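Work through the exercises below with the sequence and the model open. Each task is followed by a solution in steps.

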Amino acid sequence: MAWDDTCDFEEDELARREKGGIWVGIAAALFYPATAIGKRVYRNAERIPREGGALLLLNHVSHMDPAVDAVFVHRQKRVPRFLGKESLTRAPVFGKIFVGAGQIPVSRGSAAAGDSLKAAHQALRDGKVVVIYPEGTITKDPDGWPKKPFTGAARLALETDVPVIPIARWGTNHIFNGYTKKFTPFPRKKITHLVGEPMDLSAYKNGSTRSASKLREVTELMMTEITALLAEIRQEEPPAKKPEDDA
């Protein structure tokens, strides 16, 4: 099933959405108009649970992605919780929104780095939707294919009993390219989200969930699912090997 922004978004649906508080409302007031620069196309969005915890896994191609993905999740009547760089909490204005809306800061390379995963675990146990980019940052591949991912998403998936849902998004890079930093808002471009089936990771939950080999295997499985969805959107074959940059 597909949805695009030519459809009406009825007020009674807004009334039934998950409540997020004043800071989520402020974020929505900023992000909805800002992301309307692209034409939204949502495919299989009904696969995102309307209640209860869920872990959403997405590829990362543009600095626009968090705002666009936040609107996408919010339109499914859920409040997204993103893992973002700790430095965002100190940004003027946006830092207050980030903290107030319940987002999860990540202190990379510090002793507090593990606290972000603990906070994400708690959010999932509390029935929240957590959004994570397994690549950790924007891919440097000029063609926009996913790069080598990190294993944090696998740890969350294996240690929490919630649906793990792969999603591919394409089109934000045509507006603001994360590789060239080129901003091209016009003509208006299509931004597509394609939601995959929840992943069955039950076979990996026996024994230690922190085995390095198991985490890497699950991480690769996640990115294979996301890449397949991205290939479906693009109607292209992905490269045989991922870009290996970790920048």
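**Exercise 1. Which residues of H3 are buried?**

Solution. The buried residues of H3 are Asp-65, Ala-67, Val-68, Asp-69, Ala-70, Val-71, Phe-72, Val-73, His-74 and Arg-75. Buried stands for under 20% relative accessible area, exposed for over 50%, and partly exposed for what lies in between (1.4 Å probe, protein chains only). Helix H3 covers residues 65-75, and ten of its eleven residues are buried. Helices (H or I, at least four residues) and strands (E, at least two) are DSSP runs, numbered from the N terminus. After H3 comes Lys-77, with a positive phi near 70°.

The model is predicted: local features need pLDDT of at least 70, side-chain atom pairs count only at pLDDT 80 or more, and totals for chains, interfaces and linings use all residues. Residues are numbered from 1 along each chain as its sequence is written, and side-chain values use heavy atoms, with hydrogens and water left out.

**Exercise 2. Find where pLDDT stays under 50.**

Solution. pLDDT is the predictor's confidence in each residue, from 0 to 100. Its mean over the protein is 87, and 88% of the residues reach 70 or more. Over residues 6-15 it stays under 50, and the model has five contacts for them beyond four places in sequence; contact means heavy atoms within 4.5 Å. Where pLDDT is low, the predicted coordinates should not be read in detail.

**Exercise 3. Check the span of helix H8.**

Solution. H8 runs over residues 212-234, which is 23 residues. The expected span is 1.5 Å times one less than the number of residues, so H8 should span 33 Å. Its end C-alpha atoms are 32 Å apart, which agrees. Gln-235 follows H8 and has a positive phi, near 55°.

**Exercise 4. Is Lys-182 buried or exposed, and what is it in contact with?**

Solution. Lys-182 sits in the loop between helix H7 (172-175) and strand E8 (190-195). Its relative accessibility is 55%, so Lys-182 counts as exposed. Leaving aside neighbours within four places in sequence, Lys-182 is in contact with Ile-175, Phe-176 and Asn-177.

**Exercise 5. Describe the protein as a whole.**

Solution. Count the elements: the protein has eight helices and eight strands. Next take burial: 50% of the 247 residues are buried. Last, take contacts between residues at least 6 apart in sequence: 77% of them join residues at least 24 apart.
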